[in-house]
Amino acid sequence: MKTSFCYVKFLSFLSLIFFTACATIPKLEVTYNTTPKSNILKEKEIHFAFIDKRVNKDIIGNGAKRIYKNFPGNVNYFLSKEKKERTLVGIYDIETLFKKTFTLYLKNMGLKLLPERKDGIPELAIKLYDFTLDLSGHRWIARIDYKAEFSLAGNVLTRRFKGQSEKFRISGLKQAHEVMTETFNDTVHKLDVKGLFTDMAK
């Protein structure tokens, strides 16, 4: 009887350690505000590729690491339509985050995405150079830097987008989620895909 009681206490102790450890793992949430569906590029085809060119793969900057201890490196990805209710889609690494977001962005313009490159069809390659959340004093800082390469028949158009936003930390991680979300949406939506098609045709 005494042995069984000690065994139960031991299991309870292990469970407490497990749940405490899980509770202390910080999250980073990014909410993508989807663009309205349109037909501005209907019937056009494109091949989309994502390339992670980051030298430093850490999402969390040195200043934020004291808050984001034991951060697993993945992002809780939410979708929102017209900045209303949001839905958790999944927990993704950065590559999946960008692939899913740009796929949505392109399809909502009416584009048909091809699984492979094809002669006579343009390719859009997104090359990521920075995706960082940092903390300086009491200010959360989000940085995103990517290059878009639009190529067709040996011709290449290049666009570079750098975004940085700051938000004062009040408590917890709420402002961290907000500043990363704002920077993410701003930099993604700066890419004028219709303009790339127009410029390539000149």
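**A walk through the predicted chain**

Residues are numbered from 1 along each chain as its sequence is written, and side-chain values use heavy atoms, with hydrogens and water left out.

Now the overview. The chain has four helices and eight strands. By helix I mean a DSSP run of H or I with at least four residues, and by strand a run of E with at least two, numbered from the N terminus. In sequence order the pattern reads α-β-β-β-β-α-β-β-β-β-α-α. Of the 202 residues, 43% count as buried. Buried is under 20% relative accessible area, exposed is over 50%, and partly exposed lies in between, with a 1.4 Å probe and protein chains only. Take contacts between residues at least 6 apart in sequence: 72% of them join residues at least 24 apart. A contact here means heavy atoms within 4.5 Å.

Next, the strands. Two strands pair if DSSP finds at least two bridges between them. Back to β2, residues 45-52. β2 runs parallel to β6, with six bridges.

What about β3, residues 75-81? Five of its seven residues are buried, so β3 is largely enclosed by the rest of the structure. Strand β1, residues 29-34, is parallel to β3 and joined to it by six bridges. Val-30 is partnered with Tyr-77 in β3. With strand β4, residues 86-92, β3 pairs in the antiparallel sense, also over six bridges. On that side, Ser-80 stands opposite Arg-86.

Is Pro-72 buried or exposed? Exposed, with a relative accessible area of 55%. Pro-72 still touches Ile-25 and Pro-26, leaving out residues up to four places away in sequence. Ile-25 and Pro-72 are 47 residues apart in sequence, yet their C-alpha atoms are 7.8 Å apart.

On to the helices. α2 has 14 residues and spans 20 Å from first C-alpha to last, close to the 20 Å expected at 1.5 Å a residue. The expected span is 1.5 Å times one less than the number of residues. Which residues of α2 are buried? They are Ile-94, Leu-97, Phe-98, Thr-101, Phe-102, Tyr-105 and Leu-106. These cover an arc of only 145° around the axis, which puts them on the same side of α2. The arc is taken from the directions from the helix axis to the C-beta atoms. Why does that spacing work? An α-helix has 3.6 residues a turn, so residues three or four places apart point the same way.

Last, α4, residues 193-200. Its buried residues are Val-193, Gly-195, Leu-196, Phe-197 and Met-200. What covers them? The cover includes β2, α2, β6, β7 and β8. At the start of α4, a side-chain oxygen of Asp-192 comes to within 3.4 Å of the backbone nitrogen of Lys-194.

Definitions and conventions
Predicted model: local features only at pLDDT ≥ 70, side-chain atom pairs only at ≥ 80, totals over all residues. Polar contact = N/O pair within 3.5 Å; in protein donor to acceptor, adjacent residues only side chain to side chain.
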